[in-house]
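Hello,

Here is the structure we spoke of, with the sequence. My notes follow below it.

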Amino acid sequence: MVATQETIDKVKEVSSTYKYGFVTDLEAEKAPLGLGEDIVKFISHKKKEPKWLLDWRLKAYKKWLSMEAPNWAMVDFPKINFQDIYYYSAPKTKPKLNSLDEVDPELLRTYEKLGIPIKEQEVLAGVAVDYVFDSVSVATTFREKLAKEGIIFCPISEAVQTHPDLVQKYIGSVIPISDNYYAALNSAVFTDGSFVYIPKGVKCPMELSTYFRINEQNSGQFERTLIIAEDDTYVSYLEGCTAPQRDENQLHAAVVELVAMNNAEIKYSTVQNWYPGDKDGNGGIYNFVTKRGNCIGKKSKISWTQVETGSAITWKYPSCVLKGDDSVGEFYSVAVANNAQQADTGTKMIHIGKNTKSTIISKGISAGKAQNTYRGQVQIQKNAKGSRNFTQCDSLLIGDKCGAHTVPYINQFTPHARVEHEATTSKISEDQLFYCLQRGLDTEQATSLIVNGFCKEVMKELPMEFAVEAQKLIGISLEGSVG
Amino acid sequence: MSLLEIKNVKLKLDDKDILKGLSLSVSKGEVHAIMGPNGSGKSTLSYMLAGRDGYELESGEVFLEGQSLSDMEADERARSGLFLAFQYPVELPGVGGMSFLREAVNSRRKFLGEEELDHLAFVKEARKVASKMFVKDEMLKRAVNVGFSGGEKKRFEILQMAMLKPKVSILDETDSGLDVDALKIVSDGVNAQRNDDNAIVVITHYQRLLDYIVPDFVHILSDGSIIKSGGPELALEVEKNGYAGLINAA
């Protein structure tokens, strides 16, 4: 299935080139502009956090001060003024909500504009949604059903209050505060995000989903997500993002940590559609994300699937550390960069345990003047005997002003392992376009069809309801790039 | 009124004259064969009619059901009922045959003011038509033309024609790459679609296709214009004497 003409028409109706470019008029409660120890304390105090967490944040802040922003990625942007960002804002809603009726109607209308009416989602999709609006989660559904299974699915700020031991044990265990510049920043100032805990032997009965939105002007978002899957469990987590149009750049530096114990499987899917900036590269989101999963247990599995269509700059490498013997890491990615967008994305697969396996399928699509880089590391450590990796990395170019780059790093420290890397670069051919046009499809439909065909191996990894949305998004993102 | 009217068209490619004042009139219910040697302009003619970029007319005009095609893009022409069966059908990796067909059919239906078919209704219809064309369901699940044999590609072209129900179909060297059995299946598929409301233009190098798809009229294309027209017997003359005899006589 591909983006229908209706979808494309609907988008064209919106005068702005970006479908989700509206701003919700909600009064936010803000921290003062800028960053310092006092701001870190302000955030921690606002969230009524225990002392250990405040100390942890302050340690991260000090670490961050001593670090330099990474400059090895193939992206180019003006230096970020970290003192010109608000680090905390919360919509003024009642802290405790018993039902959706209590949610700010303005907020509900925003979700409706996005095409995700909460009620419909609840009833039809059977998805438990933890909405993050700016920085504070305001509505969490399906909690009772999940609670019956012993599953914890809540905002991480809430988990800090209700399950402090779990949070303290695992936060920073996969991505330490000193891991990188943006992870350190996130650790200091993260505001909210999701917390998921799947107790031993439980297969999560539904997809868990979070919709993110960046709303308040100048407020960078610093989500923090932590998912822990105990022995013999399964969980699938969906993350989808849209943001309103802005003139100023907005920084987003999220951290996602996954922990998989023996025989546990975590499937993490993302559709990212933040404001990419205008045709000339003004505005747009800076998306500097650190995502990593620890396959601690034997036969554990972590699978990342991402469809990245938005953001002015994407800097993102969802990775797997394969510690447990026979553990499996997967990375399926579609990255679309159009106009002046820049994407530097890929993965790291670190093989530590014996007989560990990883698969990397990356599909990069570049159009306009965009630059799209796949950067991936496959490391087979000394004891990872019998390990295997397969990497396939395909690039599709639309037009003659864009670029595609592939930067694989392969380090193999044992001869008893196999690493394969395949890469291709292709263009949408004039023959293909003409063939589609001759069958009555217009240029947009044809492009969407061909591009979605190119991405098929990745798209089939997405949960059904997400796949349809993602296919439409890819078509929309490439509008006007051909012809 | 003729269904397809080609009026004195001239076309250059890379500053070279390819079509040099070609005219042809095709009415409802008719099958026309255009035969010609290599380099006579046969494929150029089909691309020009279908509206491929770079094949714009220098002069002359083409009408489909009385409407000029000059200002119509390739996709508009297709939706209006002009179909080209490609000599070399193009591979679309990852694009499923069924979804491709559905998009195409619904574009045409929308243009005709008919209701678009939902997934189930479409699959049912496609399977019905496919079975008549000896196209297996399995082929519709594969990516369009990817890994198809020569025969499968042509059968899939004719299946698309059957699903789209065009007014005018142009079959460009449809016999190329087909063995006798495949040729028969494809021809049967084409013949099944002949009716009083549509027209078919068969472009071919060899006469043998015309044993299966029997034309009402045969035209000889040489050096960018039609030098001789006649009935099916003209094709036999080509078979017997070759193009050279006809071209020299003209």
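In chain A, the loop between β18 (342-351) and β19 (357-366) holds Asn355(A). This is a predicted model. Asn355(A) is not a glycine, yet it has a positive phi of about 50°. With a relative accessible area of 35%, Asn355(A) is partly exposed.

Lys48(A) also has a positive phi of about 50° without being a glycine. The loop that contains Lys48(A) runs between α2 (37-46) and α3 (51-65) of chain A. Lys48(A) is exposed, its relative accessible area being 65%. As background, most residues other than glycine have a negative phi.

β9(B) pairs with strand β3 (residues 31-35) of chain B in the parallel sense, over four bridges. Within that part of the chain, Ile220(B) of β9(B) is the bridge partner of Met35(B). β9(B) is also joined to strand β10 (residues 225-230) of chain B, by five bridges and in the antiparallel sense. There, Leu221(B) stands opposite Ile226(B) of β10(B). β9(B) and β10(B) form a hairpin with two residues between the strands, and Asp223(B) in this hairpin takes a positive phi near 50°.

Last, the surface of chain B. Asp53(B), Glu56(B), Asp71(B), Glu73(B) and Glu76(B) form a negative surface patch. Of these, Glu56(B) is located in the loop between α1 (42-50) and β4 (59-64) of chain B.

Regards

Key:
Residues numbered from 1 in each chain as written. Chains lettered and ligands numbered in written order. Predicted model: local features only at pLDDT ≥ 70, side-chain atom pairs only at ≥ 80, totals over all residues. Heavy atoms only, no water. Patch = residues over 30% accessible without salt bridge, like charges linked within 9 Å, V, L, I, M, F, W, Y side chains within 5 Å. Areas by Shrake-Rupley, 256 points an atom, 1.4 Å probe, with all protein chains shown as cover. Salt bridge = Lys/Arg side-chain N within 4 Å of Asp/Glu carboxyl O. Lys, Arg positive; Asp, Glu negative; His and termini not counted. Charge placed at Lys NZ, Arg CZ, Asp CG, Glu CD. Pairing = 2+ DSSP bridges. Buried < 20%, exposed > 50% of the residue type's maximum accessible area, 1.4 Å probe, protein only.
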